Amino acid sequence: MSFSSPAFLWFFMPATLLAYWVLPPRWRNGLVAVVSLAFYTWGAGPYTVLLLSAIAVNYGAGLAVDSARLRARPGARRGVLVATVGWDLAILGVWKYGGFASRQVDAVSSALGLGHSPIVSLALPIGISFFTFHHLSYVVDVYRDSRPAQRSPVQFITYIAMFPQLIAGPIVRYHEISEQLADTRRNRFDDFAAGFPRFALGLAKKVIVADTIAPVADAAFAHSGGQINTPTAWLAALAYTVQIYFDFSGYSDMAIGLGTMFGFRLPENFNRPYSAYSVTDFWRRWHMSLSRWFRDYVYIPLGGNRGGTLNTYRNLLVIFVLCGFWHGANWTFLVWGLYHGGLLVVERLLGWDRPPGTALAMLLRRAATFLLVVVGWVFFRAETMTEATGVLQAMFTWRPGELDEFAAFALNHQRTLTFALALTVVLLPASLTLGPLIESGRGRAARAVRVAMTWVAAPYAGVLVAAGTFSPFLYYQF
């Protein structure tokens, strides 16, 4: 069930909010836990059993790691942590990477003349990358004594399965939300007043912009395996650059707004990433909850930047290889991760990870960073490396010709205008971030934006949803 579907907007969300408002405070986490599991079952069906088994194992592991008995036996305590982390990673590895690994084995076996080997074919449970990272955050935080183990199974299920962030984030580290789970006496109407305009902003981003641009990106990439010409290649890259930002940041705004309406403050996930002055700065602004997760649970344990220059560069590359594969089991994602990791290493070598000193330098650096990010999105969007290299060759080697006929047909007047207006996000000041302004801003400007989102953007987006123009969020596949 998508946040931008009629079933969610007109039935699931209103019914859940109504029940949340009328129930006594002590029952509210229970309601969120139950409806979240129902929400997941709606989309995942039998894979809910996989989620519940992971919840049971990690809940028990947290209690064990926090117990006085294991605290007296540090080796056994660490063993429980390692076993639990191994269990979580095994679930992710089998269901997300089993098919990819079997295809690589088959390719090597065939190349060596040994015949074909069996190919594993497993459907990817939705949200598996996100709930796995939530489980890992929980057991590690408890092991580190950042927070005590969660005694309440209802509160634990609420953390793991909370439907606003279950499918595509933001990734919420346990220490960020543990105290909120225990506080059930929330101001329902103030929370709704703060959260709904933020939800409306995300809905508008998704339905009005991302879904409008999606047919253009799809049409332009559809024939990229052949001799795509330069205008079509640039249209493909720029259209997807716009689509993925408005789609994913729109989802995050909707998730944060929903969380606020239920009394939870979820972490920000975007901060005008296309305004970045370096790729390093881009990763401080794009999918920020993922960057923070890798920093806390992988980069710093590896040594961070404490082991010298070479170790720092190694750690950066390891992080971005993992980041690439976290997004998907495909060589294109691995290359995308290596590409960004390599750029971060180069920026550190040249000192470009620091802000430039003049306005002109800032302008040039922002333009260069945007171009580098656009190139990276080609790998991210392409189905194969052949498709990605074909688009990139056309972008940077002049291949004359008119737009592909399917792309030209998709790029009608409405989509052209939406595309042009959406691209202006690159030119806006880096400090102008609508999400936090809408949710907690003060003054006339903030109030005006909240009114516009609530009474203009949300109804218009609702009309588009009723017309059947919504589509699944891109990050549902990760």
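Let me start with W352, which lies in the loop between helix 15, residues 331-350, and helix 16, residues 359-381. Before I go on, note that this is a predicted model.

The cut-off for exposed is over 50%, and for buried it is under 20%. W352 also belongs to a nonpolar surface patch, together with V346, L349 and L350. That patch covers about 410 Å².

Next, another tryptophan, W95. This residue is found in helix 5, which runs over residues 74-111. W95 is partly exposed too, because its relative accessible area is 23%. Which residues does W95 touch, if we leave aside neighbours within four places in sequence? The contacts are Y47, L50, L122, A123, L124, P125 and I128. One more distance here: S121 is 26 residues from W95 along the chain, and the C-alpha atoms of the two are separated by 9.1 Å.

Last, T230. You will find T230 in helix 11, residues 230-261. Is T230 buried or exposed? With a relative accessible area of 6%, T230 is buried, because buried means under 20%. Now look at what surrounds T230. Not counting residues up to four places away in sequence, T230 touches A394, M395, T397, W398 and R399. For T397 there is a further detail: the side chain of T230 reaches the backbone oxygen of T397 at 3.3 Å.

How values were computed: Residues numbered from 1 in each chain as written. Predicted model: local features only at pLDDT ≥ 70, side-chain atom pairs only at ≥ 80, totals over all residues. Heavy atoms only, no water. Patch = residues over 30% accessible without salt bridge, like charges linked within 9 Å, V, L, I, M, F, W, Y side chains within 5 Å. Areas by Shrake-Rupley, 256 points an atom, 1.4 Å probe, with all protein chains shown as cover. Salt bridge = Lys/Arg side-chain N within 4 Å of Asp/Glu carboxyl O. Helix = DSSP H or I, 4+ residues; strand = E, 2+ residues; numbered from the N terminus. Buried < 20%, exposed > 50% of the residue type's maximum accessible area, 1.4 Å probe, protein only. Polar contact = N/O pair within 3.5 Å; in protein donor to acceptor, adjacent residues only side chain to side chain. Contact = heavy atoms within 4.5 Å.
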